[in-house]
Amino acid sequence: VLAVAASSIAWSEEVVVYSSRKEHLIKPLFDRYTEETGVKVTYLTDKAGPLIQRLAAEGRRTPADMLITVDAGNLWQAAQKDILAKIESPVLDANVPPSLRDPEGRWYGLSKRARTIVYSTERVEPSEITTYEALAEPKWKGRLCLRTSKKVYNQSLVATLIAGHGEQQTEQIVRGWVDNLAVAPFSNDTKTIRAVEAGQCDVAIVNTYYFGRIQKEEPDIKLALAWPNQHSSGVHVNVSGAGVTRHAKHPEAAQQLLEWLSSESAQADFAGLNAEYPVNPRVQPTEQVKSWGDFKSDSLNVGEAGRLQAAAIRLMDRAGYR
Ligand code: FE
């Protein structure tokens, strides 16, 4: 009887989360949150597209209080589909820089990743890498590897190029990349990095944490990360992030969990478990992530990646980027 009473007190509050961030990256945080607050966190994981579809289809019947997903392109889509609630939170405003959250308060970045250039330390001097745009120059003919344009990460990168240069100039850049490809685009970032390691190409554009995973397995790998666009737009950054759902059954509890995930107490683990950067400027990244060096990030609001996503997809298609 005592056990039942205790558990019903401990779980008097609950938050239900739909997450496209992988279970092993969120479960340790949720377990800690339950331990610290007594609030039970139930979650379901799937890819971003199906989760957003599901929330839209469930409407006010949804059990979900929170959506966690990766890439501002996906968060922007969720906001467009009107499945996220606008929230006002001085805590989130203080913990998440303005460029990494929705100006209307429907989603907030929780970890930051850079989509940057990885290069072979055997075949490339770091000084040779200057900008994303320069990867379109003849110097890199037959030396570039890319992931497929079907992935939202590349759609977001190209969207931010459109924001900076307009469509015409961006199309020239993307055509240049396609001309310089050593081999057909790969299905994921890990294969793309492995192609540079194998000597199929000398440079590639990838998310930092995929390099981090490989570097953990092979500390002496002959690859390194470079930080392009340091005298112009800055490195393209994106987020994993979250929002409270429009039809949340536990909106206050969901907002409290979101605030906690952005806090100094949670940010080191939230980012560190995936070799990402904390969004909270008062929290340091892990030693491994720090070892890659400091860089200037693009200060454009990451939501622009969503707004210009459709234009980016059409442009990449015109440029022959598959
Ligand atoms: Fe990823």
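**Confidence**

The mean pLDDT of the protein chain is 96, and 96% of its residues reach 70 or more. Among the elements of the chain, strand 5 (residues 144–145) has the highest mean pLDDT, 99, whereas helix 1 (residues 2–10) has the lowest, 48. Over residues 4–10 the pLDDT is below 50, and beyond near neighbours in sequence this stretch has two contacts in the model. Where pLDDT is low, the predicted coordinates should not be read in detail.

**Pockets and cavity**

| Space | Volume |
|---|---|
| Largest pocket | about 650 Å³ |
| Second largest pocket | about 390 Å³ |
| Largest cavity | about 60 Å³ |

The largest pocket has a volume of about 650 Å³. Its lining comprises 26 residues, and those closest to the centre of the pocket are Ser20, Lys47, Ala48, Val70 and Lys151. Two or more lining residues come from each of helix 3 (48–58), helix 4 (72–80), helix 6 (152–165) and helix 9 (208–217). Helix 3 gives the largest share of this lining, with four residues. By class, the lining of the largest pocket divides into 10 charged, eight polar and eight nonpolar residues.

The second largest pocket holds about 390 Å³ of space. Of the 20 residues that line the second largest pocket, Lys112, Tyr277, Pro278, Phe295 and Ser297 lie nearest its centre. Strand 9 (277–278) and helix 12 (287–290) are the elements that give two or more residues to this lining. The lining of the second largest pocket has 11 nonpolar, five polar and four charged residues.

A search of the whole structure for cavities of 30 Å³ or more finds one. The residues that line the cavity are Thr160, His236, Val237, Asn238, Asp298, Leu300, Asn301, Val302 and Ala305. Strand 8 (residues 236–244) gives the most to this lining, with three residues. By class, the cavity lining has four nonpolar, four polar and one charged residues.

**Disulfide**

The structure holds one disulfide. This link joins Cys145 to Cys201, with an S to S distance of 2.0 Å. The link of Cys145 and Cys201 is left-handed, with -105° about the S-S bond. Cys145 lies in strand 5, while Cys201 lies in the loop between helix 8 (189–197) and strand 6 (203–207), so the pair ties together parts that are 56 residues apart in sequence. Both Cys145 and Cys201 are buried. Strand 5, which holds Cys145, is also the element with the highest mean pLDDT.

**Asn154**

Asn154 is placed in helix 6, one of the elements that give two or more residues to the lining of the largest pocket. Asn154 has a relative accessible area of 3% and is therefore buried, the cut-off being under 20%. Leaving aside neighbours within four places in sequence, Asn154 is in contact with Arg115, Arg147, Thr148, Ser149, Met316 and Tyr321.

Notes
Residues are numbered from 1 along each chain as its sequence is written. This is a predicted model: local features need pLDDT of at least 70, side-chain atom pairs count only at pLDDT 80 or more; totals for chains, interfaces and linings use all residues. Side-chain values use heavy atoms; hydrogens and water are left out. On a 1 Å grid over the protein atoms alone, a cavity is a set of points where a 1.4 Å probe fits but cannot get out, and a pocket is an open set with protein on both sides within 12 Å along at least five of seven lines; lining residues have an atom within 4 Å of a point. Grid points are joined across faces, edges and corners, and a volume is the space filled by probe spheres set on the points. Ala, Val, Leu, Ile, Met, Phe, Trp, Tyr, Cys and Pro count as nonpolar, Asp, Glu, Lys and Arg as charged, and the others, Gly among them, as polar. pLDDT is the predictor's confidence in each residue, from 0 to 100. Contact means heavy atoms within 4.5 Å. A disulfide is a pair of cysteine sulfur atoms within 2.5 Å. Buried means under 20% relative accessible area, exposed over 50%, partly exposed in between (1.4 Å probe, protein chains only).
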